[in-house]
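Here are my notes on the model, point by point. Please read them with the structure open.

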Amino acid sequence: MMIQVLVSIVIALILFKTAARYRKKEISPRLFGFWVLFWLLAALLFWMPELSQYVADLLEVGRGVDAVLYISLVILFYLMFKIFNRFERMEREITKLVREIAILDADKPEKNREQE
Amino acid sequence: MNTWVVIPAYNEGAKLAEVLRGVLEYVPNVVVVDDGSRDNTFEVARGCDVHVLQHKINRGQGAALATGIEYALRNGAEAIVTFDSDGQHAADEIEMMLEPLMTGEAEVVLGSRFLENTHKNMPKLRQIIIKGGIVFTKMLSRINVTDTHNGFRALSDRAAREIEINQDRMAHASEILDQVTKKNLRYVERPVTITYTEYSKAGGQGNLNAIKIAARMILAKLF
């Protein structure tokens, strides 16, 4: 029973934090809904492990914990891929911005000569 | 022909003025792109008779090169020469590099230190790594050249417009070759002298960096 209580406390804290961020309008309603659902589902899995067993039987992977781990791994890899792509795109956009500023602020030799 | 020399520079304050003086003897239009240097590169460049652009934050040599090329094109460049800022290249070879563009023999002229083995004092380990890089790049880009990582090039304005440099960092050298084959640009190699000095060795790429560059090239191919 110990692990369920512990995990529930942690999840409750996370939910409070998420709600606070939502109130401050730091996250969109959609994202807020997603995270609440996600953490409630996580809590549910800890209290009723037989639920994950049901999924495990569907996927034919044996133990419920394994099913949860496999699915988490797939989701994590997917998220990593998305973040990697977004990061690359952001880098390219920063470069474009830096380039445009550099060209607009160009120091022409004529200008330097006048200053002398 | 309206010719521009593009020189990306990162922390090259010590040698830059000398390099710029050399280049100005042959080409009047020079653009230096200071890639967010932490030393006095920007001030040194401004003291010379050249166009100076500054990346407010460091974006890498590929990005600096692309910025300089874009600027030259917007100023009506018909031929663009890319040149290193650390004194490795010889300014008196610029005209020879431009010649194939003038005669219409090619739209891309690539400098090569291995065509006639015109490199001086190249460290052995560096030689092995560069040769490895050449084999690797030839396989990935399917282009038959003797030197894949040479910053001395001459491009026609059309070629400069066609070649898109998306690799901000060092993998841009292979990316340019990729685009030459992909866009079917006529290219030719010319032997250029590369002089390795203590200064240029200290500022250049670390040997281990080759692995990082290779990884970036493969990633770029995949995505």
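1. Leaving aside neighbours within four places in sequence, which residues is B:Val5 in contact with? The model is a predicted one, and in it the partners are B:Val23, B:Val27, B:Asn29, B:Val30, B:Val81, B:Phe83 and B:Ile94.

2. B:Val5 also belongs to the largest nonpolar core, which has 56 residues. Together with B:Val6, B:Val31, B:Val32 and B:Ile80, B:Val5 touches the most other members. H3(B) gives the largest share of this core, seven residues. As background, nonpolar side chains in soluble globular proteins tend to be buried together.

3. Now the interface. On chain B, 19 residues are in contact with 14 residues of chain A. Two elements of chain B give two or more residues to this side: strand E3 (51–54) and helix H3 (61–74). H3(B) supplies the largest share, five residues. By class, the chain B side has eight nonpolar, five polar and six charged residues.

4. Next, helix H4 (residues 64–104) of chain A. Does the span agree with the residue count, or what else does one find? H4(A) has 41 residues, which at 1.5 Å a residue should span 60 Å. The end C-alpha atoms are 60 Å apart, so the two agree.

5. Which residues of H4(A) are buried? They are A:Ala67, A:Thr95, A:Val98, A:Arg99 and A:Ala102. An α-helix has 3.6 residues a turn, so residues three or four places apart point the same way. The cover over the buried residues of H4(A) comes from both chains: it includes helix H3 (49–59) of chain A, and strand E2 (29–34), E3 and H3 of chain B.

6. Within chain B, helix H5 (residues 124–141) packs against helix H7 (residues 172–182). The angle is about 35 degrees, and the axes are 10 Å apart. The crossing of H5(B) and H7(B) is right-handed. H5(B) makes the contact through B:Thr137, B:Leu140 and B:Ser141, and H7(B) through B:Ser174, B:Leu177, B:Asp178 and B:Thr181. By class, the residues of this contact are two nonpolar, four polar and one charged.

7. B:Asp157 is worth checking. This residue lies in helix H6 (residues 157–162) of chain B. Is B:Asp157 buried or exposed? B:Asp157 counts as buried, because it has 20 C-beta neighbours inside 10 Å, and 20 is the cut-off for that class. Not counting residues up to four places away in sequence, B:Asp157 touches B:Leu73, B:Ala77, B:Glu78 and B:Ala79. B:Leu101 is 56 residues away along the chain, and its C-alpha atom is separated from that of B:Asp157 by 10.0 Å.

8. Last, two asparagines with positive phi. B:Asn11 has phi near 55 degrees. B:Asn11 sits in the loop between strand E1 (3–9) and helix H1 (13–24) of chain B. B:Asn11 counts as partly exposed because it has 18 C-beta neighbours inside 10 Å. For B:Asn184, phi is about 55 degrees, again a positive value in a residue that is not a glycine. B:Asn184 is in the loop between H7 and strand E8 (187–191) of chain B. With 10 other C-beta atoms within 10 Å, B:Asn184 is exposed.

Definitions and conventions. Residues are numbered from 1 along each chain as its sequence is written. Chains are lettered from A and ligands numbered from 1 in the order in which they are written. This is a predicted model: local features need pLDDT of at least 70, side-chain atom pairs count only at pLDDT 80 or more; totals for chains, interfaces and linings use all residues. Two residues are in contact if their C-beta atoms, placed from the backbone, lie within 7 Å. Helices (H or I, at least four residues) and strands (E, at least two) are DSSP runs, numbered from the N terminus. Ala, Val, Leu, Ile, Met, Phe, Trp, Tyr, Cys and Pro count as nonpolar, Asp, Glu, Lys and Arg as charged, and the others, Gly among them, as polar. Axes are lines fitted to C-alpha atoms, for helices over the stretch in contact, and angles run from 0 to 180 degrees between N-to-C directions. A crossing is left-handed if the near helix is turned anticlockwise from the far one by less than a right angle, and right-handed if clockwise. The expected span of a helix is 1.5 Å times one less than its number of residues. A residue is buried if 20 or more other C-beta atoms lie within 10 Å of its own, exposed if 12 or fewer, and partly exposed in between; C-beta atoms are placed from the backbone. A nonpolar core is a set of buried Ala, Val, Leu, Ile, Met, Phe, Trp, Tyr and Cys residues joined through C-beta atoms within 7 Å.
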